[in-house]
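Subject: A structure for you to look at

Hello,

I am passing along a structure that you have not worked with before. Please open it beside this message and read the two together.

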Amino acid sequence: MKPVLIPALVALATALPGAAHSPTIASPRGASSALPAPALPAAPDAPPSLAALAPDADPQVLALGLSAMQCAQAHGTGVNAQRLAVIDYSRSSLTPRLWVFDLARHKLLYKELVAHGQGSGGDVPTTFSNADGTHASSLGLFVTRDTYQGKNGYSLRMQGLDAGFNDAAMSRAIVMHGAPYVSAEAGRKLGRLGRSWGCPAVRAAMAKPIIDVMKDGQFVFSYYPQQAWLTRSSLAQCAMARLQRAPKADHGTAIAAR
């Protein structure tokens, strides 16, 4: 089936075979409901510069993350950011699903394992929330802030920019940090990585180098094909609209665009 635009797919999804078996997702307030997940814009909208740097990542997810970043910058947030981290939570926790890009130098800096929250599910998370106490991961775009030494060691504060979906990140203490349960060994024992209380936890040995390049005003984009977020988040809608109207000639220079 050819990819279709988000609104059209949402309208038709309930009639598709298998809709009753769609993942459970959380509303902005944390209430779960079974709804079909929409698709992203078609692959031609993905900037080849990012896709070429990370050929094993989904180019549509990379394109959406970069476009969301550009939407935030157009409104004055993170205008000097040079790095973007993309997390694809639709993938198994046992596979690298975190990519860190240096946009100024057109380089992939890191491809790493990353954990999700206990409240989000097993190997592949299906539930996301912005509510305190859920121990679930949140979706959307974050801008990074300062670092600190906490109970999980060197940690990076992240401010959520998606109203209703991740803007409680600071009050929930959703931060990037290292953890011993993020390792290939833990994955072999559990059949999945260990899980956090909603934080994007990385391998302990990689926490400092990743945090050091991502601190102080860089962007983190967390993705999962959740209908509520894709259709209600103003940033997600801005990002998809930006991709759909971008001329193909601009794709090669998408990294430098603002």
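Below is what was found in it, from the whole chain down to a single residue.

Please keep in mind that this is a predicted model. The protein chain averages a pLDDT of 84, and 77% of the residues score at least 70. Two stretches call for caution. Over residues 1-35 the pLDDT stays under 50, and the model has 53 contacts there beyond four places in sequence. Residues 249-258 also have a pLDDT under 50, with 22 such contacts beyond four places in sequence.

You will find eight helices and ten strands in the protein chain. Of its 258 residues, 50% are buried.

The largest nonpolar core has 55 residues, and the ones touching the most other members are Leu 64, Phe 221 and Trp 229. Helix H3 (residues 59-74) gives this core its largest share, nine residues. Another core, of six residues, lies apart from it and includes Leu 113, Ala 115, Val 182 and Ala 201.

Beyond its neighbours within four places in sequence, Trp 229 is in contact with several residues, including Leu 64, Leu 139, Phe 165, Phe 221 and Ala 236. Asp 162, Ser 222 and Tyr 224 are also among the contacts of Trp 229.

By type, the lining of the largest pocket has seven nonpolar, eight polar and four charged residues.

Finally, a residue in a loop. Val 124 sits between strand E5 (107-112) and E6. Setting aside neighbours within four places in sequence, Val 124 is in contact with Tyr 89, Ser 90, Arg 91 and Ser 92. Arg 91 is 33 residues away from Val 124 along the chain, yet their C-alpha atoms are separated by 6.0 Å.

Enjoy exploring it!

Best wishes

Key
Residues are numbered from 1 along each chain as its sequence is written. This is a predicted model: local features need pLDDT of at least 70, side-chain atom pairs count only at pLDDT 80 or more; totals for chains, interfaces and linings use all residues. Side-chain values use heavy atoms; hydrogens and water are left out. Ala, Val, Leu, Ile, Met, Phe, Trp, Tyr, Cys and Pro count as nonpolar, Asp, Glu, Lys and Arg as charged, and the others, Gly among them, as polar. pLDDT is the predictor's confidence in each residue, from 0 to 100. Contact means heavy atoms within 4.5 Å. A nonpolar core is a set of buried Ala, Val, Leu, Ile, Met, Phe, Trp, Tyr and Cys residues joined through side-chain atoms within 4.5 Å. Buried means under 20% relative accessible area, exposed over 50%, partly exposed in between (1.4 Å probe, protein chains only). Helices (H or I, at least four residues) and strands (E, at least two) are DSSP runs, numbered from the N terminus.
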